[in-house]
Amino acid sequence: IVRQHERDLMNHHLHKVTGKSVHFYPETIVSNQQNKPENIVIGEQTHVRGTLLIFKYGGKITIGNHCYVGDGSRIWSGDAVTIGNHVLIAHNVNIIDTQAHELHAEERNKRYVDLIENGPWEQKGNIVSKPIVIHDKAWISFNAIILKGVTIGEGAIVAAGSVVTKDVAPYTMVAGNPAKFIKNVS
């Protein structure tokens, strides 16, 4: 459980605000396991209600100007998540550029015990991470999941509940699990 003063420290000292009037809310959580403020960059007039997390072994989150990250949304990075300007991310969206654990069961179990006993890892090990890029004016609707290595084109819409495993072309709408092209949008 994070106490309010700890949350205030996380929110105000472990990220870099590049613009004016960045808005954090009581439910906002910023977890910078690297303690490098330059690895979480937020542009002006952006509102963050969700969680931003960069892993100790790597990661960077960059969010542009005039963006919104909804309540319950998670942006987790072990590589890089880059979000353009005027991007709307609804509530309960997961944007995660890493699989977060190893695929081999014995290795995963050993590393999990190490995580519990010793804290976050400084070495990535066999965890696979690939950058995510979300271009300007995109809209990610409720409960969508954006997985590692995906690029969302300018003005694209990801429909509610979609699981995006492949790139989304600019000014298109995708939906489903896995997300598929639905139509062009203006």
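Is T28 buried or exposed? Select T28 to find out: this residue is buried, because its relative accessible area is 0%. Buried stands for under 20% relative accessible area, exposed for over 50%, and partly exposed for what lies in between, with a 1.4 Å probe and protein chains only.

The model is predicted, so local features need pLDDT of at least 70 and side-chain atom pairs count only at pLDDT 80 or more, while totals for chains, interfaces and linings use all residues. Residues are numbered from 1 along each chain as its sequence is written, and side-chain values use heavy atoms, with hydrogens and water left out.

**Stop 1: around T28**

T28 sits in the loop between strand 2 (23–24) and strand 3 (29–32). Helices (H or I, at least four residues) and strands (E, at least two) are DSSP runs, numbered from the N terminus.

**Stop 2: the whole chain**

Zoom out. The chain has two helices and 20 strands. Of its 186 residues, 44% count as buried. Its accessible surface comes to about 9600 Å², and 53% of this belongs to carbon and sulfur atoms. Such areas come from the Shrake-Rupley method with a 1.4 Å probe; for residues, only the protein chains shown count as cover.

**Stop 3: the cores**

Select L52, I75, I83, I89, I95, I146 and I152. In the largest nonpolar core, which has 32 residues, these touch the most other members. Strand 4 (40–42), strand 6 (51–54), strand 7 (61–63), strand 10 (81–83) and strand 13 (132–134) each supply at least two residues of this core. A nonpolar core is a set of buried Ala, Val, Leu, Ile, Met, Phe, Trp, Tyr and Cys residues joined through side-chain atoms within 4.5 Å.

Stay on I146. Leaving aside residues up to four places away in sequence, I146 touches N94, I95, I96, I132, I140, I152, V158 and V164, where contact means heavy atoms within 4.5 Å. Then move to F55, Y57, W121 and I127, which are among the five residues of a second, separate core.

**Stop 4: A160**

A160 is in the loop between strand 17 (157–158) and strand 18 (163–164). Which residues does A160 touch, not counting residues up to four places away in sequence? They are S141 and F142. Select I140 as well: its C-alpha atom is separated from that of A160 by 7.6 Å, with the two residues 20 apart along the chain.

**Stop 5: helix 2**

Helix 2 covers residues 105–118 and contains I116. I116 counts as exposed because its relative accessibility is 55%.

**Stop 6**

Select Q45, in the loop between strand 4 and strand 5 (47–48). Its phi is near 55 degrees, a positive value in a residue other than glycine. Q45 counts as partly exposed, at 32% relative accessibility.

Go on to H86, in the loop between strand 10 and strand 11 (88–89). H86 is not a glycine, yet has a positive phi of about 60 degrees. With a relative accessible area of 45%, H86 is partly exposed.

End at P178, in the loop between strand 19 (172–175) and strand 20 (180–184). The peptide bond from N177 to P178 is cis, with omega near 0 degrees.
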